[in-house]
Amino acid sequence: PAWLALFLLLGAPTLIDRARRQHAGEEKFQAARIAGASEWIARETEPDARIGSTSEGQAIFLHTGRVTVELPATADTLVLWGMLDDSGSRYLVVPEDHEYPYLLPTGGERSEILDGARPRSLRLVHTYEMGRIFRIDPP
């Protein structure tokens with residue numbers, strides 16, 4: 001049909017351009033969420049330090065070379081603390097959550113759940129523009 005040809009000719013490039021710009025914006029947001037954390041981790045931790053993260057674990061690993069375990073979206077403290085303990089993580093990175101998170105509990109909520117299960121085990125050591133980093137003290 002003629003309307004489809006007209007749409008493909010005039011409308012599709014606009015939609016493709018809009019999707020491309022939106023994707024680029026999401027990549028910038030993701031990079032900003034971990035930039036401050038990655039810089040601090042690379043500068044302030046030992047090369048063999050193990051890192052826990054509520055999100056962006058793979059990106060943190062790629063930017064720092066530190067072994068990073070990403071925690072699942074669960075409120076189960078046995079799972080969360082089990083992963084951190086089993087991996088030997090000594091830091092926990094909690095990037096800022098998206099405005100409309102799709103994983104619940106959010107990273108911030110998981111850090112509160114962890115702290116509630118083991119009070120005084122998470123010590124805030126660094127705050128950056130889009131998140132926080134905690135030192136994990138032994139139980």
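A salt bridge is a side-chain nitrogen of Lys or Arg within 4 Å of a carboxyl oxygen of Asp or Glu. Keep that in mind for the exercises below.

This is a predicted model, where local features need pLDDT of at least 70 and side-chain atom pairs count only at pLDDT 80 or more, while totals for chains, interfaces and linings use all residues. Residues are numbered from 1 along each chain as its sequence is written, and side-chain values use heavy atoms, with hydrogens and water left out.

**Exercise 1. Find the salt bridges of the whole structure.**

Step 1. Search the whole structure; three salt bridges turn up.

Step 2. Go through the pairs. R43 meets E44 at 3.1 Å, N to O. R118 meets D85 at 2.5 Å, N to O. This pair links distant parts of the chain, 33 residues apart: R118 sits in the loop between α4 (107–117) and β4 (122–128), and D85 in helix α3 (residues 77–87). Helices (H or I, at least four residues) and strands (E, at least two) are DSSP runs, numbered from the N terminus. R123 meets D137 at 3.2 Å, N to O. Here too, distant parts are linked, with R123 in strand β4 and D137 in the segment after β5 (131–136), 14 residues apart.

**Exercise 2. Work out which residues of helix α2 (residues 57–64) are buried, and where they lie around the axis.**

Step 1. List the buried residues: G57, A59, I60 and T64.

Step 2. Look along the axis. These residues cover an arc of only 160 degrees, so they are on the same side of α2. The arc is that of the directions from the helix axis to the C-beta atoms.

Step 3. Turn to the face away from the buried side, which carries the exposed residues Q58 and L62.

Notes:
Buried means under 20% relative accessible area, exposed over 50%, partly exposed in between (1.4 Å probe, protein chains only).
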